[in-house]
Amino acid sequence: MNKDGHVLNGLLFGIGVGFLLDPSGKETTIISIIEVTIPVTLGALVPDIDTEFGRHRKTLHNLPVLGLFIAFPYVFGNLHYVWLGVLTHYILDIVGSKRGIALFYPYTQEYGFPTGVATKNSYTNVVTLAITAGELVVVFAVVQALARYGLPVA
Ligand SMILES: [Zn+2]
């Protein structure tokens, strides 16, 4: 997926998650959307930094890197939600583009689904929107499940 697709995916996914975390429709909903959308969008741009150094779709497209972004807020108390942007980038690359990513780098085998389209295909935006919608359905289900069991969702 290209940079435009990752920005579109990060923005829409962040807005959706921010809304799902506070769907009250009050001022707090706007705050939640801003609080989530900006770090998610920034996180969605992080993996492709490896186009400038290292090996693209390998160095910053793997589960250890995702693990670091998941752990970072617990250790240092900031960069919350950035990991969601990194994760949504991986999903878009795996499901939405022809080439996979090296999830277990430094093992260099790339993993991807046969569902992807070429980066500059005319269906790229449609695929990006469909994947984003699917991701938000999953987030909705997770938020509902957590709420059902009285667990904190944010
Ligand atoms: Zn990528």
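This is a predicted model: local features need pLDDT of at least 70, side-chain atom pairs count only at pLDDT 80 or more; totals for chains, interfaces and linings use all residues.
I started with helix α2: at 1.5 Å a residue its 19 residues should span 27 Å, and the end C-alpha atoms are 28 Å apart, which agrees. (The expected span is 1.5 Å times one less than the number of residues; helices, H or I of at least four residues, are DSSP runs numbered from the N terminus.)

Residues are numbered from 1 along each chain as its sequence is written.

**α2, continued**

I looked up which residues of α2 are buried, and got S32, V36, T37, P39, V40, T41, G43 and A44. Buried here is 20 or more other C-beta atoms within 10 Å of the residue's own, exposed is 12 or fewer, and partly exposed is in between, with C-beta atoms placed from the backbone. The buried residues of α2 pack against α1, α3 (63-76) and α4 (82-96). Contact means that the C-beta atoms of two residues, placed from the backbone, lie within 7 Å.

**α1 by itself**

I ran the length check on α1 too: 19 residues, 26 Å from first C-alpha to last, close to the 27 Å expected at 1.5 Å a residue. Its buried residues are G5, H6, L8, N9, G10, L12, F13, G14, G16, V17, G18 and F19. I find the buried residues of α1 packing against α2, α4 and α5.

**α1 on α2**

Next I took α1 (residues 3-21) with α2 (residues 27-45): they pack at about 150°, axes 7 Å apart. So α1 is roughly antiparallel to α2. The axes are lines fitted to C-alpha atoms, for helices over the stretch in contact, and angles run from 0 to 180 degrees between N-to-C directions. Over 145 degrees counts as roughly antiparallel, under 35 as roughly parallel. α1 passes α2 in a right-handed crossing, meaning that the near helix is turned clockwise from the far one by less than a right angle. On the α1 side I noted H6, V7, N9, G10, L11, F13, G14, I15, V17, G18, F19 and L21, and on the α2 side T29, S32, I33, E35, V36, T37, V40, T41, A44 and L45. By class, this contact has 12 nonpolar, nine polar and one charged residues. (Nonpolar is Ala, Val, Leu, Ile, Met, Phe, Trp, Tyr, Cys and Pro; charged is Asp, Glu, Lys and Arg; polar is the others, Gly among them.)

**α1 on α5**

For α1 and α5 (residues 124-148) I get an angle of about 25° and axes 10 Å apart. These two are therefore roughly parallel to each other. The crossing of α1 past α5 is right-handed. Among the residues making the contact are L8, L12 and F13 of α1 and I131, L136 and F140 of α5. The classes come out as 11 nonpolar, six polar and one charged.

**Loops**

I checked the loop between α2 and α3 for R57, which has a positive phi of about 65° although it is not a glycine. R57 counts as buried, because it has 23 C-beta neighbours inside 10 Å. I49 lies in the loop between α2 and α3 and is exposed, with 12 other C-beta atoms within 10 Å.

L79, in the loop between α3 and α4, also is not a glycine and has a positive phi of about 65°. I have L79 as partly exposed, with 17 other C-beta atoms within 10 Å.

Conventions: Angles under 35 degrees count as roughly parallel, over 145 as roughly antiparallel, 65 to 115 as roughly perpendicular and the rest as oblique.
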